[in-house]
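Please look over the sequence and the model before reading on.

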Amino acid sequence: MNFLGLWARGMTSRPNRRALDSIAINNSATDGSGNNGRGSVQYQLRQYAESTLGKASLHEAVLLPEGESLDEWVACHIVDFYNHINMLFMSISHHCTDETCPQMCAGEAYTYRWRDGVDYKEPTLVSANMYVKLLMKWIDGQLDDTRLFPTDLAVPFPPNFRGEVATQILRRMLRVYAHLYWHHYPQICQVGLATMLNTSFTHFTLFVTKYKLVNDTELQAVKDVIKILA
């Protein structure tokens with residue numbers, strides 16, 4: 001049974017350096033070294049975002065802090081959503097196997113094929129588990145590419161950052177959320193992460209719609225979930 005079925009019955013990162021970025025950045029930002037790198041800026045933005053998440057509305061959490069760069073704000077959120085999705089999917093990955101989920105899909109109406117232009121030059125059907133593994137590896141490569149995500153404040157984000165780079169990453173992230181809701185929501189509930197998934201997904205949808213980073217067509221697969229959580 002998926003999220004919608006459970007709701008109708010009345011139910012309400014990978015552990016690597018990225019997940020530890022805020023700790024490392026916090027240390028460097030407070031050790032008196034005068035670090036002016038992009039990392040310290042993203043740490044401050046993350047602190048701001050986390051402080052607003054504790055307030056009344058997630059709508060406030062997506063608002064760009066006054067005087068800050070929208071590219072920085074988007075990059076900061078991409079890293080956070082990346083870590084959320086990693087943790088959520090890893091918590092139920094033993095239920096998402098080649099046998100249980102032979103295709104990456106969201107119900108019967110939406111099937112997603114993988115293409116990265118390197119190992120998969122054409123859209124290719126793969127299992128959901130493989131799709132997510134390939135996606136996380138691909139996003140990791142994008143985040144490590146300083147041409148796309150510069151670490152030096154003196155280096156601007158590329159002109160196509162929001163229009164192409166960020167939108168492609170976020171569109172593919174959405175597919176993981178959709179698969180989790182359609183096919184693994186009972187398992188998410190069993191491991192006690194339903195609130196985290198719902199909060200993370202609500203934050204995600206508010207953010208991408210606020211800054212027009214994912215189009216309405218892509219959101220159709222989860223439109224009923226969005227309506228319920230609104």
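In what order do the elements of the protein chain run from the N terminus on? They run α-α-α-α-α-β-β-α-α-α-α-α-α.

## Basis of the model

This is a predicted model, in which local features need pLDDT of at least 70 and side-chain atom pairs count only at pLDDT 80 or more, while totals for chains, interfaces and linings use all residues. Residues are numbered from 1 along each chain as its sequence is written, and side-chain values use heavy atoms, with hydrogens and water left out.

## Overall make-up

The protein chain has eleven helices and two strands. Helices (H or I, at least four residues) and strands (E, at least two) are DSSP runs, numbered from the N terminus.

The chain has 230 residues, and 49% of them are buried. Buried means under 20% relative accessible area, exposed means over 50%, and partly exposed lies in between (1.4 Å probe, protein chains only).

## The nonpolar core

A nonpolar core is a set of buried Ala, Val, Leu, Ile, Met, Phe, Trp, Tyr and Cys residues joined through side-chain atoms within 4.5 Å. The largest one holds 62 residues, of which I78, I139, F149, F161, L170 and M173 touch the most other members. At least two residues of this core come from each of α5 (70-92), β1 (104-106), α6 (128-144), α7 (161-183), α8 (185-190) and α9.

Leaving aside residues up to four places away in sequence, F161 touches D71, V74, A75, I78, L148, F149 and A166; contact here means heavy atoms within 4.5 Å.

## Helix α9

Helix α9 covers residues 194-210, and its 17 residues should span 24 Å at 1.5 Å a residue. The expected span is 1.5 Å times one less than the number of residues in the helix. The end C-alpha atoms of α9 are 24 Å apart, which agrees.

Why is α9 described as largely enclosed by the rest of the structure? Twelve of its 17 residues are buried, so the description follows from that count. Among the buried residues are A194, L197, N198, F201, H203, F204 and V208. Just after α9, K212 takes a positive phi of about 50°.

## Salt bridges

The structure holds five salt bridges, each a side-chain nitrogen of Lys or Arg within 4 Å of a carboxyl oxygen of Asp or Glu. One of them joins R147 and D145, with the closest N and O atoms 2.8 Å apart. R147 is exposed at a relative accessible area of 66%, whereas D145 is buried at 18%.

E218 meets R175 in a salt bridge at 3.4 Å, N to O. This pair links distant parts of the chain, with E218 in helix α10 and R175 in helix α7, 43 residues apart. Salt bridges that share partners join R171, R175 and E218 into one network. The bridge between R171 and E218 is at 3.8 Å, N to O. R171 lies in helix α7 and E218 in helix α10 (residues 216-219), 47 residues apart. R175 is buried at 12% relative accessibility, E218 is buried at 18%, and R171 is partly exposed at 25%.
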